[in-house]
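Please walk through this structure one part at a time. Keep the sequence and the 3D view open as you read.

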Amino acid sequence: MTKFTLSGQVVVIAGGSQGLGKEFARKFFQEGTNNTVVVVSRSRTKLQQAVRDISGQESAQELTKATQVRPQESEIVYATCDLADYSQVENLYEILASCSLKPTVVLLCAGGSTPGLFKDLKGSDLELGVKVNYMTCVNLAHIAVRHWQSAHLMFFSSEVAFFPFIGYAQYAPLKQSIKSLVAILRQECPQQRISCVYPGNFDSEGYVLENETKPSITREIEGPSEAISCEECCNRIVRVLNMGYDDITTDLIGWFLMSTDMGMNKQNNVSLGWPLQWLLGIIANLVIVPIYMLICKFQIKKWHSSCEKQE
Ligand SMILES: NC(=O)C1=CN([C@@H]2O[C@H](COP(=O)(O)OP(=O)(O)OC[C@H]3O[C@@H](n4cnc5c(N)ncnc54)[C@H](OP(=O)(O)O)[C@@H]3O)[C@@H](O)[C@H]2O)C=CC1
Ligand SMILES: CCCCCCCCCCCCCCCC(=O)[C@@H](N)CO
């Protein structure tokens, strides 16, 4: 299987303009050698700022069909693309191809949530949830599987894929869809390295924004996953990738939640400490999970009645 290395790569980072995607761009550009890093997102101004921050240069270079990529030198360039729009992703492929760039690592890191009760969300929030979290992924993955068969694909789901809970109606179902897509692609494309990261909370621009609308009950339930910095999150992921594992969590509670969800999702890939995880999962599902779910039900009931009182 493809070894993970930070050097000599052509890296495409979806959602590279901020947060964890930007942190990965920094890591490849600053810690590796001979990398061509392409950060991709919708906003040109954010992308330019990210490229300037990372490269330390005054100006940021946009990837176009005429861009001359210098081999043997590290470069970071940006490309604007709404990855939820398939034709724009095809266009991105054309641009990369005309620069003779064949990605070797693809990070599908675009995503984000608008927490809130389902009834309080707007129709546009629901649509955005599907587009930002799922369409961006499925579109780029499709191009990658068709044209870049030797690329290492890295998907970004969430710990909520193991445990969906109140407040994440716009988000968790799509992160579960990514897990499902990954399982199928691993069977269909056995020659490709396909990793899936299930992060717990980390402190990104998106995280700060989502906390503005997050119901208190959601905050309470996700409390055990305390936000770590993007840098720490990126480092933890790289460490586990280097060990050769492909199902990755970023904190202990995430690892524990994954253990309760091993079954038919696991197939032929393994995660850190998997025999223990498997056993622990069985025991947890028998004894710990039912008790926890009772406590959780009680917490939610209490929250609903305190909301009613306030009204
Ligand atoms: N932060 C957290 O606590 C957690 C995050 N995650 C997941 O990890 C990943 C990274 O999270 P985080 O760093 O917080 O994300 P941010 O919200 O900070 O950044 C999201 C990125 O996605 C890009 N993006 C959004 N929509 C599109 C689109 N349609 N086309 C192209 N790019 C798009 C944004 O750029 P632009 O606006 O320029 O398009 C931005 O670069 C996400 O998938 C997130 O769901 C998982 C668990 C916890
Ligand atoms: C079985 C007994 C123990 C159960 C404990 C449950 C603890 C749940 C922690 C879940 C944390 C979810 C973090 C991901 C958040 C996320 O994806 C958003 N920040 C979106 O950006």
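## The model

This is a predicted model. Keep that in mind throughout.

## Around ligand 1

Start with ligand 1. A shell of 30 residues surrounds ligand 1. The closest are Gly15, Gly19, Ser43, Gly111 and Gly206.

Which helices take part? α1 (19-31), α4 (123-147) and α6 (205-211) each give at least two residues to the shell around ligand 1. Sorted by class, this shell holds 14 polar, eleven nonpolar and five charged residues.

## Around ligand 2

Now turn to ligand 2. Here 19 residues form the surroundings, and the closest are Ser158, Glu159, Glu222, Ser225 and Tyr292. Two or more residues come from each of α6 and α10 (274-310). The largest share belongs to α10, with four residues.

The classes in the shell around ligand 2 are ten nonpolar, six polar and three charged residues. Look again at α6: this helix supplies at least two residues to the shell around ligand 1, and two or more to the shell around ligand 2.

## Strands that pair with β4

Next come the strands. Strand β2 (residues 36-41) runs parallel to strand β4 (residues 75-80), and six bridges link the pair. In this pairing, Val39 stands opposite Tyr78 in β4.

Strand β3 (residues 61-62) also pairs with β4 in the parallel sense, over two bridges. Here Glu62 stands opposite Tyr78.

## Where α1 meets α8

Back to α1. How does α1 pass helix α8 (residues 230-242), in a left-handed or a right-handed crossing? The crossing is right-handed. The two axes come within 9 Å and cross at roughly 65°.

From α1, the contact uses Gly19, Leu20, Glu23, Phe24 and Lys27. From α8, it uses Cys230, Glu231, Cys233, Cys234 and Val238. By class, six are nonpolar, three charged and one polar. Note Gly19: this residue of α1 is in the contact with α8, and is also among the closest to ligand 1.

## The annotated span

One stretch carries a label from a record. An unreviewed UniProt entry annotates residues 274-295 as "transmembrane region". In the model, this span is 100% helix and 0% strand. Its end C-alpha atoms lie 28 Å apart.

Conventions:
Residues are numbered from 1 along each chain as its sequence is written. Chains are lettered from A and ligands numbered from 1 in the order in which they are written. This is a predicted model: local features need pLDDT of at least 70, side-chain atom pairs count only at pLDDT 80 or more; totals for chains, interfaces and linings use all residues. A residue is near a molecule or strand if its C-beta atom, placed from the backbone, lies within 6 Å of it. Ala, Val, Leu, Ile, Met, Phe, Trp, Tyr, Cys and Pro count as nonpolar, Asp, Glu, Lys and Arg as charged, and the others, Gly among them, as polar. Two strands pair if DSSP finds at least two bridges between them. UniProt positions are given in the numbering used here, feature names are shortened, and annotations may be inferred rather than shown by experiment. Axes are lines fitted to C-alpha atoms, for helices over the stretch in contact, and angles run from 0 to 180 degrees between N-to-C directions. A crossing is left-handed if the near helix is turned anticlockwise from the far one by less than a right angle, and right-handed if clockwise. Two residues are in contact if their C-beta atoms, placed from the backbone, lie within 7 Å.
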